[in-house]
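Here is a short walk through one part of a protein model. Keep the structure in view while reading.

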Amino acid sequence: MSDPRNGKRPRPKLAVWKLASCDGCQLSLLDCEDELLAVAGAVEIASFPEVSRAEIAGPYDVSLVEGSITTPHDLERIQEVRRQSRVLVAIGACATAGGIQALRNFADVQGLVGAVYGRPEYIRTLERSTPVSDHVPVDYELRGCPISKAQLLELVTALLAGRAPDLPTSSLCQECKQMGVVCVMVAHGTPCLGPVTQAGCGALCPALGRGCFGCFGPMEAPNPDSLAARWRELGLTPEAVERGFHTFNAWAEPFRDVARREDGR
Amino acid sequence: MRERTLRVDYLARVEGEGALHLRLRKGEAVEARLEIFEPPRLFEGFLRGRACTEVPDLTARICGICPASYQMSSTQALEAALGLEVEPAVRDLRRLLHLGEWIESHALHVYLLHAPDFLGFDDAIRLARQAPDPVRRGLRLKKLGNAVMRSVGGREIHPLNPCVGGFYRAPEREDLVALLPELEWALEAARETVRWVAGFTFPELERPYEFVALRHPQEYPVNEGRVVSSEGLDIPVAEYEEHFEEEQVPHSTALRSRLRERGAYLVGPLARLNLNADRLSPPAREALEEAGVEVPIRNPFRSIVARSVELVEAVAGVMVLIERYRPPERPRLPVPEALPEAVVGHGCTEAPRGILYHRYRVGADGLVEEARIVPPTAQNQASIEEDLRSLAPALAGMDRAEATWLCEQAIRNYDPCMSCSAHFLTLTLEEG
């Protein structure tokens, strides 16, 4: 099928989906202001409700999925998205780790819903907030809360070129050293998740003099227990250590387990 | 009896997930529902037990479009509770960050989400094929808003520099001054935006809204002020809950707010401009006059004009703040880890979509005991539904596609953010 406008071969069809999330990762695509129209020219934006009321039926060459699974409806939707998509990319902490709404996973959800809603019977929600990969096979994951625009562009470019995207798996510390930032934990005793967090943001927090709080989730093969021990030496209570690991990537396994062990202390 | 149902299962060009359901009979709406099916994320629930210092990082995640507003409302509420008062330079930095967010969010809405409606395009990308210049102008304005946010907040989405007590690090003056040449361009581009949108054709609809916004003695309201309305409400932020209540309806995961005495009300650029036109900076006032628009504006479709005038206001405001900026002596006040007793604080700032109210109760252990967050879209929900009802006579003469598009557009007037509104909290029940 050729593009009727210019007779060239069809552009890849891109779809963007949203589950439980804040819209920030989709916005990262729109925040590629300088490249946005170029990307929109290189692909056919077939379904992207945040941007367009036009919708072209699947199947899609690439689906970007933002958000975690928290409702029975979204559980069905993700299966359908997978069926319709040749390449499925989970974008952001919600889609890759359950997101901030996974903090419910450590509580009694019915109790939580009952406590916050006058009419809990109107609310349909699952016990847990889970990443996309818990339910369907995922081809690539972009970490971050929010994702990095540079990584998003790298991913789109790589997929268009038919190569694997070049995404980091090392720790934030490595990035931090490359930036020449003085280590906030060594120099100032500030608790920092950098040693166990995946690189990707450009070490923004240490550059501001605060500790990393883990937007990009656990790096490959981290040692969170060792870091937790160091934080306790710095004077943090077990509860404070747990809260440090309990943010946007709390349900990612290495962070989740540290929190549990802190619970048992 | 001729009955017609208009339904849009997934609203486009709004932030988050919503649907529209309208049932018409003999030119009247018998049912008008904005259904927000954004999954509830239970923020107020899991803010309990968190340290005050963690709150701004968490509340930012309610919304990727206006995270700074969530940080500003929550830091102010917590500082009120803890008795912290920041110095004027920190206050200026907050206003700067917040105005950066207005520029980013307003440029996004005006150019990418709303303008295509008036010009008959499904989206800005298709619009750009016909008219690339305005879309490029919008993207450049948006980029500048992001640059302001990044310079002050460290990152445009989910800024990481703001904290309870101020900022982790004050920006260098030269980094902000470096933005001035682009701001000079943006001031003219924003004025051009007002001219552009003022020339659109607006569907006819006027309603007797009660407008609600902050009001400050000197400034166009952003971060501070009393809560005022066009019907004479004038209260300090701490009395918000004495006058406003929320109800839960079965068709929406967002709570709907109402004024206790009077019902639906409207927040956002239209309300802000109508109540605060006398506080506009000279360039914004000139832009408003040049557009030939008189306040109060009661046609909701003209909200795009109000939003564009606010683009001028925000750019001009950012320039003033940068020109007078000197780094604060103490960018960050220390936050007490323990308190003699439990304390309560209220905060309200103007998110791009309207007032955003937060209340926190903090225990003597310094941990949050209770949080309450009322976002603008939940406050506007009743107004949106009343707008849809009011459109019924106009819809009667239209074919389905045309009528549906007009209803969608009426909803997009509000730049609604479902992600913001569907995170829930305590509520007042209206039975029956």
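**A sheet in chain B and the helices on it**

In chain B of this predicted model, three strands make up an open sheet, with the order S1-S2-S3 and antiparallel pairing. Strands S1 (3-8) and S3 (28-36) of chain B are at the edges and have a single partner strand each, so one side of each lacks a neighbour in the sheet. On average, neighbouring strands of this sheet are turned by 10 degrees against each other, direction ignored.

What holds such strands together? Strands of a sheet pair through backbone hydrogen bonds, and the pairing is either parallel or antiparallel. In chain B, strand S2 (residues 18-25) pairs with S3(B) in the antiparallel sense, over eight bridges. Within this pair, Ala19(B) stands opposite Glu35(B), which belongs to S3(B).

Two helices of chain B can be followed next. Helix H13 (residues 376-390) of chain B packs on the sheet and touches S2 and S3 of chain B. The direction of H13 makes about 150 degrees with that of S3(B). Helix H15 (residues 400-412) of chain B also packs on the sheet, where it touches S1, S2 and S3 of chain B. The direction of H15 makes about 55 degrees with that of S1(B).

The last stop is an annotation from a record. An unreviewed UniProt entry gives the annotation "binding site" to Glu44(B), Ile373(B) and His423(B). Is Ile373(B) buried or exposed? Its relative accessibility is 1%, and buried means under 20%, so Ile373(B) counts as buried.

Conventions:
Residues are numbered from 1 along each chain as its sequence is written. Chains are lettered from A and ligands numbered from 1 in the order in which they are written. This is a predicted model: local features need pLDDT of at least 70, side-chain atom pairs count only at pLDDT 80 or more; totals for chains, interfaces and linings use all residues. Side-chain values use heavy atoms; hydrogens and water are left out. Two strands pair if DSSP finds at least two bridges between them. Helices (H or I, at least four residues) and strands (E, at least two) are DSSP runs, numbered from the N terminus. Axes are lines fitted to C-alpha atoms, for helices over the stretch in contact, and angles run from 0 to 180 degrees between N-to-C directions. Contact means heavy atoms within 4.5 Å. UniProt positions are given in the numbering used here, feature names are shortened, and annotations may be inferred rather than shown by experiment. Buried means under 20% relative accessible area, exposed over 50%, partly exposed in between (1.4 Å probe, protein chains only).
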